[in-house]
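Please look at the sequence and the structure before reading the points.

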Amino acid sequence: MTDSDDLISILKHAVPESISALPQADRDDLARLIAQAAQSRVEQLTTDAFGALDNVPGFLRGAVRRAVGL
């Protein structure tokens with residue numbers, strides 16, 4: 001898989017010409033940074049979702065977790 005393919009799989013669409021024109025090392029860094037940001041977002045959203053359960057009465061938490069897939 002080429003680096004352009006890495007960026008395409010991360011971005012879910014074709015890489016703009018301006019990004020394709022970057023040196024290989026910069027494209028590698030960009031792909032790595034985007035992947036790290038996406039992972040960080042997933043972790044933060046998961047933390048926030050579990051934190052939101054603190055606002056739900058204890059007897060409803062199990063039902064709410066099942067309803068939202070946690």
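Predicted model: local features only at pLDDT ≥ 70, side-chain atom pairs only at ≥ 80, totals over all residues.

Residues are numbered from 1 along each chain as its sequence is written, and side-chain values use heavy atoms, with hydrogens and water left out.

**Overall form**

- The protein chain has four helices and zero strands; helices (H or I, at least four residues) and strands (E, at least two) are DSSP runs, numbered from the N terminus.
- The radius of gyration, taken over C-alpha atoms, is 19 Å for the protein chain, well over the 11 Å that the globule rule gives for 70 residues, so the chain is more spread out than a compact globule. The globule rule is 2.2 Å times the number of residues to the power 0.38.
- Along the principal axes, the C-alpha atoms of the protein chain fill a box of roughly 55 × 20 × 15 Å.
- Of the 70 residues in the protein chain, 10% are buried. Buried means under 20% relative accessible area, exposed over 50%, and partly exposed in between (1.4 Å probe, protein chains only).

**The salt bridge**

- Side chains of opposite charge can pair when their charged atoms come close.
- One salt bridge (a side-chain nitrogen of Lys or Arg within 4 Å of a carboxyl oxygen of Asp or Glu) is found in a search of the whole structure.
- Asp29 and Arg32 form a salt bridge, and their closest N and O atoms are 3.6 Å apart.
- Both residues, Asp29 and Arg32, lie in helix H3 (residues 24–52), three residues apart, or about one turn of the helix.
- Asp29 is partly exposed at 35% relative accessibility, and Arg32 is partly exposed with a relative accessible area of 41%.

**Arg27**

- Arg27 belongs to helix H3 and counts as buried, at 13% relative accessibility.
- A polar atom of the Arg27 side chain lies 2.9 Å from the backbone oxygen of Ser20, and the side chain of Arg27 reaches the backbone oxygen of Leu22 at 2.6 Å.
- Neighbours within four places in sequence aside, Arg27 is in contact (heavy atoms within 4.5 Å) with Leu7, Ile19, Ser20 and Leu22.

**Lys12**

- Lys12 sits in the loop between helix H1 (3–11) and helix H2 (17–20).
- Lys12 counts as exposed, with 68% relative accessibility.
- A polar atom of the Lys12 side chain is 2.9 Å from the backbone oxygen of Ser9.

Terms used. Polar contact = N/O pair within 3.5 Å; in protein donor to acceptor, adjacent residues only side chain to side chain.
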